[in-house]
Amino acid sequence: MNFSDTEVAMSILLDNGFLKTNSVKDADVILVMTCSIRESAEDKIWKRLKYYQSIKQNRHPSKLPLKIGILGCMAERLKTKILEREKIVDLVCGPDAYRDLPRLLAITESNQSAANVQLSLEETYSDISPVRINPSSKSAFVSIMRGCDNMCAYCIVPFTRGRERSRPISSIRSEISKLAEQGVKEVVLLGQNVNSYRDTSERVFPGQQTTLSNGFKTVYKTKQGGLRFSDLLDKVSLDNPEIRFRFTSPHPKDFPDEVLYLIKERANIGTNIHLPAQSGNNAVLENMRRGYTREAYLKLVDHIRSIIPDVALTSDFIAGFCGETEEAHLDTISLLKLAKYEYCFSFMYSMREKTQAFHRLVDDVPLDIKKRRLDEIVYTFRELVLERHKNQIGQEQLVLVEGISKRSESDLYGRNDRNTKVIFPNVEVENNGTLQPIQPGDYIVVKINNCSSQVLKGNALTHSSITEFTYYQVLKQGFESTEILKFQ
Ligand code: SF4
């Protein structure tokens, strides 16, 4: 999300006559996009600010005084307290106030500090064409909504990013079509809770009901009407058959079957689903206000697998949340074993001011126990994923090439449909009857021949495309021509 916010803020500044520099030492203004989801993220920002302060203090007197600004969630959380602390920062701008950046910067020119941390019920920056930070990258993030109404007990996001609001489908389609013209081959649709997406900008659709997954509940009144995430996914994946679409993050509570069937049927929607569980214990889930039980979550996992058998599930886990007992932790370990994730993002719990947990609960799990539980979550996940990676040896997979592998200059890396990293030797392979080099952004068929718990390894076979590869796979499996039609 910060990546996408940076592109929006940069677009606003470039439109207002500012220029981007790649060297901190050449800059007259340094703006830092921040995250405050965990204390450690903020600690890193404060360290970084000290470094910028040293540049500010050693700046040559002939140059304009350097201005330093904090943007995003940390700005929203700490507001003007940032200006007071150690007097490093000149400007504070919350996630809904980027349009105000030129005015705020103008104020700082007269050596005053400036802040705008007003949250909005409407701002989606839908009319802003983000300027890509890395224009040569073949992957892009597209923000489809902002904010979150869920109020999970541990989470600062509803306080730093405000109420949930969705960007109109028309503006998302237009941004993606511009990205397609620039040669982008993968788009990640971003939102705090993408399955709550609801575009009510054009007409009200009274027939579009919100249906919660079985056994799930929500803390807010369910909303009705508008075009939903499945409508958006349907349209963008049809518009751009050679772009691979992914999305993050959905909340498990409202995972509609329409989205699952689209993933199953459309070859250009990745078969990976992020389904953040956070814990495998009912008492902890209740304390977290997640709105589901372990049983309901596992039932949803089974349901997803019944529709998309080869789905790659990923999840987030918090180790050592308030009141988490050893038994509760073991429930999380057993959930990991049952759900069989492709990747897990796990963190030690860090209490954030303002959250429900801060007001109601006690951060009572000692740090060393949090660390040990985190290690156990990571260890369990790694052991299990290795087995699943081994099962993919021998498969031919379509890999979108990202670049040269960091470990070896003679290897390339990319990601398969399930979003797993695949490494393979950089050789010329067949493309329409001739041997051709492989470039970032190419779709390559790779035969998997080895793996670790983190990556798959293989050999490149041929250049391909999503459409070509899908036909090839379907024909290989001996499907009837009537069944092929659904892939068109
Ligand atoms: S769904 Fe929960 S964890 Fe996710 S952003 Fe919203 S409040 Fe935070």
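A residue counts as buried when its relative accessible area is under 20%, as exposed when that area is over 50%, and as partly exposed in between, using a 1.4 Å probe and the protein chains only. By that rule Gln 278, at 8% relative accessibility, is buried. Before we go on, please note that this is a predicted model, in which local features need pLDDT of at least 70 and side-chain atom pairs count only at pLDDT 80 or more, while totals for chains, interfaces and linings use all residues. Residues are numbered from 1 along each chain as its sequence is written, and side-chain values use heavy atoms, with hydrogens and water left out.

Let us stay with Gln 278 for a moment. Gln 278 sits in the loop between β12 and α10 (282-288); helices (H or I, at least four residues) and strands (E, at least two) are DSSP runs, numbered from the N terminus. Its phi is near 70°, a positive value in a residue other than glycine. Lys 354 also has a positive phi, about 80°, although it is not a glycine. You can find Lys 354 in the loop between β14 and α13, where it is partly exposed, with a relative accessible area of 33%. Another backbone feature is the cis peptide bond that joins Thr 248 and Ser 249, with omega about -5°. Ser 249 belongs to the loop between β11 (244-248) and α9. Why point these out? Most residues other than glycine have a negative phi, and most peptide bonds are trans.

The loop between β14 (343-348) and α13 (356-360) also holds Ser 350. Ser 350 is buried, with a relative accessible area of 17%. Leaving aside neighbours within four places in sequence, Ser 350 is in contact (heavy atoms within 4.5 Å) with Arg 38 and Glu 39. A polar atom of the Ser 350 side chain lies 3.1 Å from the backbone nitrogen of Glu 39.

Now turn to helix α1, where you will find Asp 5. Is Asp 5 buried or exposed? Asp 5 is buried, with a relative accessible area of 0%. What does its side chain meet there? A polar contact is a pair of N or O atoms within 3.5 Å; within protein, one must be able to donate a hydrogen and the other to accept it, and residues adjacent in sequence count only if both atoms are side-chain atoms. The side chain of Asp 5 makes such a contact with the side chain of Tyr 98, at 2.8 Å, and another with the side chain of Arg 161, at 2.6 Å. Apart from residues within four places in sequence, Asp 5 is in contact with Met 33, Pro 95, Tyr 98, Arg 146 and Arg 161.

On a 1 Å grid over the protein atoms alone, a cavity is a set of points where a 1.4 Å probe fits but cannot get out, a pocket is an open set with protein on both sides within 12 Å along at least five of seven lines, and lining residues have an atom within 4 Å of a point. Grid points are joined across faces, edges and corners, and a volume is the space filled by probe spheres set on the points. The whole structure has 3 cavities of 30 Å³ or more. The largest cavity holds about 100 Å³ of space. It is lined by 14 residues, and Ser 4, Val 8, Pro 130, Ser 143 and Arg 167 are the closest to its centre. The largest share of this lining, 4 residues, comes from α1.

Next comes the second largest pocket, with a volume of about 950 Å³. Of its 32 lining residues, Thr 271, Asp 310, Asp 417, Gln 473 and Gln 477 lie nearest the centre. Helix α15 gives the largest share of the lining, 6 residues. Asp 417 is also touched by Ile 269, a residue in the loop between α9 and β12 (272-274). Ile 269 is buried, with a relative accessible area of 1%. Ile 269 and Gln 473 are 204 residues apart in sequence and 16 Å apart in space, C-alpha to C-alpha.

Finally, look at the ligand. Which residues surround the ligand? They are Cys 148, Asn 150, Met 151, Cys 152, Tyr 154, Cys 155, Val 157, Pro 158, Gln 192, His 251 and Arg 290, where a residue is near a molecule if one of its heavy atoms lies within 4 Å of it.
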